[in-house]
Amino acid sequence: MTTPRADASTLTGVSETALLTLLVRATEARRADRIIDDPVAVDLVDAIDFDFGKFGSAKRQDMALRALAFDRETKNYLREHPAATVVALAEGLQTSFYRLDAGEVGHDFSWHTVDFPAVVAVREKLLPPSERISVSAQSALDFSWMDDVDDSQGVFVTAEGLLMYLQPTEALALITECAKRFPGGQMMFDLPPHWFAWWARQGLLRPSLRYTVPPMPFSLSVSQAAALAHTIPGVRAGHDVELPEGRGTVLNALIWASYRLPVIDQLRGVTTRLEFG
């Protein structure tokens, strides 16, 4: 049987970052001392025709740690709402559904992917199908995707690696509309620190000579993210989500300190989980 393959050259701009994050996760998952078990990501990289070398070295832990943080918080919600719908905004080539489905949260939850048609085409060609996965092939900023979501058993919205690429008014409007449409649900997102986003806007983030990270118009400080519970109608509470431990004493010491020393708050990124009232 011939393994299907897909040409990912159609993914450009922000959509192309999905290939970078996939490569980093798969590279980590191939290690004997891996911090993330992600066999579907490994298979996906092997099945995509793309010059992954343009991204430079993929030997880093940050994107695997981010994925694990999202997995942990999603699992916590599903333990309380086992038949909920998880909505993955701008899902890219994430493989979160398969990691969670192999975990300890049962198989009653549903999954809804929201992304551009070109990304959806690659996903549907290469990823294992499931009758529990539905799709809205459109921008997350086209709020009509919300009409496709079954919210009767709860909703957990993920915006992993998305909001930083939106304009501030767009990002806040998306959060506001989710809070309005999914009361009782939750939403999780991540953002870079201000200094990192500034570098990206100046075109200074270059993992290699052949690749420049797209501009990141939107960022928040830790305190600004926490304040969303007081500034956006329908947001009942905001939680600063700590990254899990990685590999290496120095890295883990830095992670531990970054969440406990207020002076470092301005230097680290934001990973936030919102509760909707």
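Before I point at anything: helices (H or I, at least four residues) and strands (E, at least two) are DSSP runs, numbered from the N terminus. Also, this is a predicted model, where local features need pLDDT of at least 70 and side-chain atom pairs count only at pLDDT 80 or more, while totals for chains, interfaces and linings use all residues. Residues are numbered from 1 along each chain as its sequence is written, and side-chain values use heavy atoms, with hydrogens and water left out.

So, the overall picture. The protein has 10 helices and nine strands. Its C-alpha trace spans about 50 × 45 × 35 Å along the principal axes. As for burial, I'm calling a residue buried under 20% relative accessible area, exposed over 50%, and partly exposed in between (1.4 Å probe, protein chains only). On that scale, 53% of the 277 residues are buried.

Now the salt bridges. The rule is a side-chain nitrogen of Lys or Arg within 4 Å of a carboxyl oxygen of Asp or Glu, and by this rule there are 25 of them. Let me start with R25 and D38, whose closest N and O atoms are 3.1 Å apart. R25 is in helix α1 (residues 17–30) and D38 is in the loop between α1 and α2 (39–47), so this pair links distant parts of the chain, 13 residues apart. And both R25 and D38 are buried.

Next up is R99 with D71, at 2.7 Å between the closest N and O atoms. Here R99 sits in helix α4 and D71 in helix α3 (residues 62–80), so the bridge ties together parts that are 28 residues apart in sequence. R99 counts as buried at 11% relative accessibility, and D71 counts as buried at 7%.

On to the aromatics. Rings of Phe, Tyr and Trp (its six-membered ring) pair if their centres lie within 6.5 Å; planes under 30 degrees apart are stacked, over 60 edge-to-face, and the rest tilted. Searching the whole structure turns up 11 aromatic pairs. Take F50 and F52: their ring centres are 5.3 Å apart and their planes are at 70°, so that pair is edge-to-face. F97 and Y98 are edge-to-face as well, with 5.2 Å centre to centre and 85° between the planes. Which of these residues are buried? Both F97 and Y98 are, and F52 is buried at 12% relative accessibility. F50 and F52 also belong to one aromatic cluster with F55 and Y211.

One more ring: R132 lies over the face of F109, 4.7 Å from the ring centre. The test there is NZ of Lys or CZ of Arg within 6 Å of the ring centre and within 35 degrees of the ring normal.

Let's go out to the surface. W195, W198, W199, L204 and L267 make up a nonpolar patch with about 550 Å² of accessible area together. Patch members have over 30% relative accessible area and no salt bridge; like charges are joined within 9 Å, nonpolar side chains (Val, Leu, Ile, Met, Phe, Trp, Tyr) within 5 Å. The areas are Shrake-Rupley with a 1.4 Å probe, and for residues only the protein chains shown count as cover. L204 is in the loop between α7 (194–201) and α8 (222–226).

Most residues other than glycine have a negative phi, and most peptide bonds are trans. A90 isn't a glycine, yet its phi is positive, about 45°. You'll find A90 in the loop between β3 (85–89) and α4 (96–101), partly exposed at 23% relative accessible area.

That's my tour, thanks.
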